[in-house]
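Subject: Structure handover and findings

Hello,

The structure is placed below for your files. My notes on it follow, with cut-offs given where a term comes up.

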Amino acid sequence: MALLGVILLLAGAGAGVAAYLATRAAAGPVTVTAFGLSRDASPLELVLYGAIAVLLFALGWALLSASARRRARLRREERASARIGEVEESAETARLEHERRFEEAGLRDDDLRRRESELAARHEGLDTREAELARREAEWREREGPSRADVVTGRAEGSVADGTASWADDGRSTAGSDKPGSTDRIDERAHRDTTA
C-alpha cells in the first residue's frame with residue numbers, strides 16, 4: 001500500500017513537471033476568467049492551480065474515506081459491544097439461574113434432613129412403644145396363665161384343663177394384637193371369667 005502511494009506521488013510530480021515544461025514555451029501570460037474575476041496568469045501559475053485543485057480533491061476524498069471507515073468501525077464496535085452485552089446478560093441470567101437452583105437444592109436438602117430427623121424420632125418413638133408393649137406382655141404373661149387358644153395356636157404348651165399349660169419360649173411372643181387367635185384368647189378369658 002505504501003509502495004503504491006510512493007508510485008502515485010512520483011507519477012503526480014512527473015505530470016506536474018511535464019505540464020510546466022509544456023507551457024513554458026508559451027509566449028506570454030494566459031488570461032484566466034472564473035466566477036466573474038479575470039487574471040493574467042503565467043504558465044507556472046496555471047500548473048500550480050491544477051496541482052492545488054488535484055490536492056484539494058485528493059484531501060476531500062481522503063477525508064470522506066476516513067469518515068466512512070470511522071463510521072464502519074464505530075458500527076462494528078457497536079455491534080460487537082451489543083453482542084458482548086447480550087453474552088454478558090445471558091451469562092448473568094445463567095449465573096442467577098444456577099444460584100437459584102443451588103438455593104432450591106439447599107432448601108430441598110434442608111427439608112430432607114428435617115424429614116429424616118422427624119422419621120428417626122418417630123422410629124425411635126415406635127421402638128420405645130414396641131419395647132413397652134413387649135414389657136407389658138411379659139408382665140401380663142407372668143400374671144395370667146395361658147388359655148386354650150394359646151395352646152391351640154402354639155404359644156403355650158401343655159393342657160389348660162389339667163393345669164399343666166405353660167408359655168412356650170420359642171421367640172414368637174410379641175404384641176397380642178398381631179397374632180392370630182388373640183381374639184380367641186380374649187374370648188377364652190371372658191368365658192373363664194363367666195364360668196368361674
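A residue counts as buried at under 20% relative accessible area, as exposed at over 50%, and as partly exposed in between, with a 1.4 Å probe and protein chains only. The model is predicted, so local features need pLDDT of at least 70 and side-chain atom pairs count only at pLDDT 80 or more, while totals for chains, interfaces and linings use all residues. Residues are numbered from 1 along each chain as its sequence is written, and side-chain values use heavy atoms, with hydrogens and water left out.

Overall layout

The protein has four helices and four strands, in the order α-β-β-α-α-β-β-α along the sequence. Helices (H or I, at least four residues) and strands (E, at least two) are DSSP runs, numbered from the N terminus. Of the 196 residues in the protein, 12% are buried. Taking contacts (heavy atoms within 4.5 Å) between residues at least 6 apart in sequence, 34% join residues at least 24 apart. The protein exposes about 15,700 Å², of which carbon and sulfur atoms supply 61%. Accessible areas come from the Shrake-Rupley method with a 1.4 Å probe, and for residues only the protein chains shown count as cover.

Surface patches

Patches are made of residues with over 30% relative accessible area and no salt bridge; like charges are joined within 9 Å, and nonpolar side chains (Val, Leu, Ile, Met, Phe, Trp, Tyr) within 5 Å. A salt bridge here is a side-chain nitrogen of Lys or Arg within 4 Å of a carboxyl oxygen of Asp or Glu.

A nonpolar patch consists of Leu44, Leu48, Tyr49, Ile52, Leu55, Leu56 and Leu59, which together have about 680 Å² of accessible area. Leu48 sits in helix 2 (residues 43–143) and is partly exposed, because its relative accessibility is 48%.

Salt bridges

Side chains of opposite charge can pair when their charged atoms come close. The structure holds 14 salt bridges.

- Arg95 and Glu99: the closest N and O atoms are 2.4 Å apart. Both residues lie in helix 2, four residues apart, about one turn of the helix. Arg95 is partly exposed at 36% relative accessibility, and Glu99 is partly exposed at 36%.
- Asp111 and Arg114: the N to O distance is 2.4 Å. About one helical turn separates Asp111 and Arg114, because they are three residues apart in helix 2. Asp111 is partly exposed at 25% relative accessibility, and Arg114 is partly exposed at 40%.
- Glu132 and Arg136: the closest N and O atoms are 3.1 Å apart. These two are four residues apart in helix 2, so about one helical turn lies between them. Glu132 has a relative accessible area of 28% and is partly exposed.

Regards
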